[in-house]
Amino acid sequence: KGEKIMEIILNKNILKYYEQLKQVFENDIKYLPARVAFIIIKNKLLLNQLSEEIYDMKNQIIKKYGTLKDENEEIYNIPSELLQSAQKELDDLLEVEQNIHILKLKFSDIENLEFTFNQMEAIMFMIEEDNNEDQVE
């Protein structure tokens, strides 16, 4: 079973993890065991939802400091005197910690599966080491 573990993750890492998962598993039809695929998909869906919330907040900050330049594309100009304040709020947003439930894979669940380097990097945050396995140092 995929154990749900509460983790504190920074918003910037939520965005990074989601983008990595989206890029490496978006068009990949490689067969994965149902349990592994389920855990990856569930975590990806969760991170997608959280990413959308972060991007919505980012847009609110931009609208707060900027003026609409192009209605068709919703492009905003932020006056130079407000740029530093806007950037500080955007940076602070990325440093916000969120408690989220990540479904975890055990290393033994995936050790015999083939992943590309990028795929392995994308799922590293959801892998927990088995207690009885040799530790990688």
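In which helix is the place of N11? N11 is found in helix 1, which covers residues 11-25. Good morning, everyone. I shall return to this residue after an overview of the chain.

Please keep in mind that we are looking at a predicted model. The mean pLDDT of the chain is 89, and 90% of the residues reach 70 or more. Among the elements, helix 3, residues 80-94, has the highest mean pLDDT, at 96. The lowest mean, 84, belongs to strand 2, residues 67-70.

Let us turn to the overall arrangement. The secondary structure consists of 5 helices and 5 strands. Read from the N terminus, the order of the elements is β-α-α-β-β-α-β-α-α-β. The chain has 137 residues, and 31% of them are buried. If we take the contacts between residues at least 6 apart in sequence, 71% join residues that are at least 24 apart.

Two packed helices are described by the angle between their axes and the distance between the axes. For helix 2 and helix 3, the angle is about 165° and the axes are 10 Å apart. Because angles over 145 degrees count as roughly antiparallel, these two helices are roughly antiparallel to each other. The crossing of helix 2 past helix 3 is right-handed. On the side of helix 2, the residues that meet helix 3 are I54, M57, K58, I61, K64 and Y65. Their counterparts in helix 3 are L82, S85, A86, E89, L90 and L93.

Now we come back to N11. Its relative accessibility is 3%, so N11 counts as buried, the limit being under 20%. A polar atom of the N11 side chain lies 2.8 Å from the backbone oxygen of L93. Leaving out residues up to four places away in sequence, N11 touches I54, L93, L94, V96 and Q98.

Is S51 buried or exposed? S51 has a relative accessible area of 2% and is therefore buried. S51 belongs to helix 2, residues 34-65. The side chain of S51 reaches the backbone oxygen of L47 at 2.8 Å. Beyond its neighbours within four places in sequence, S51 is in contact with I14, L15 and Y18. Thank you for your attention.

Notes
Residues numbered from 1 in each chain as written. Predicted model: local features only at pLDDT ≥ 70, side-chain atom pairs only at ≥ 80, totals over all residues. Heavy atoms only, no water. Helix = DSSP H or I, 4+ residues; strand = E, 2+ residues; numbered from the N terminus. Buried < 20%, exposed > 50% of the residue type's maximum accessible area, 1.4 Å probe, protein only. Polar contact = N/O pair within 3.5 Å; in protein donor to acceptor, adjacent residues only side chain to side chain. Contact = heavy atoms within 4.5 Å. pLDDT = per-residue confidence, 0-100. Axes fitted to C-alpha atoms, helices over the stretch in contact; angles between N-to-C directions. Parallel < 35°, antiparallel > 145°, perpendicular 65-115°, else oblique. Left-handed = near helix turned anticlockwise from the far one by under 90°.
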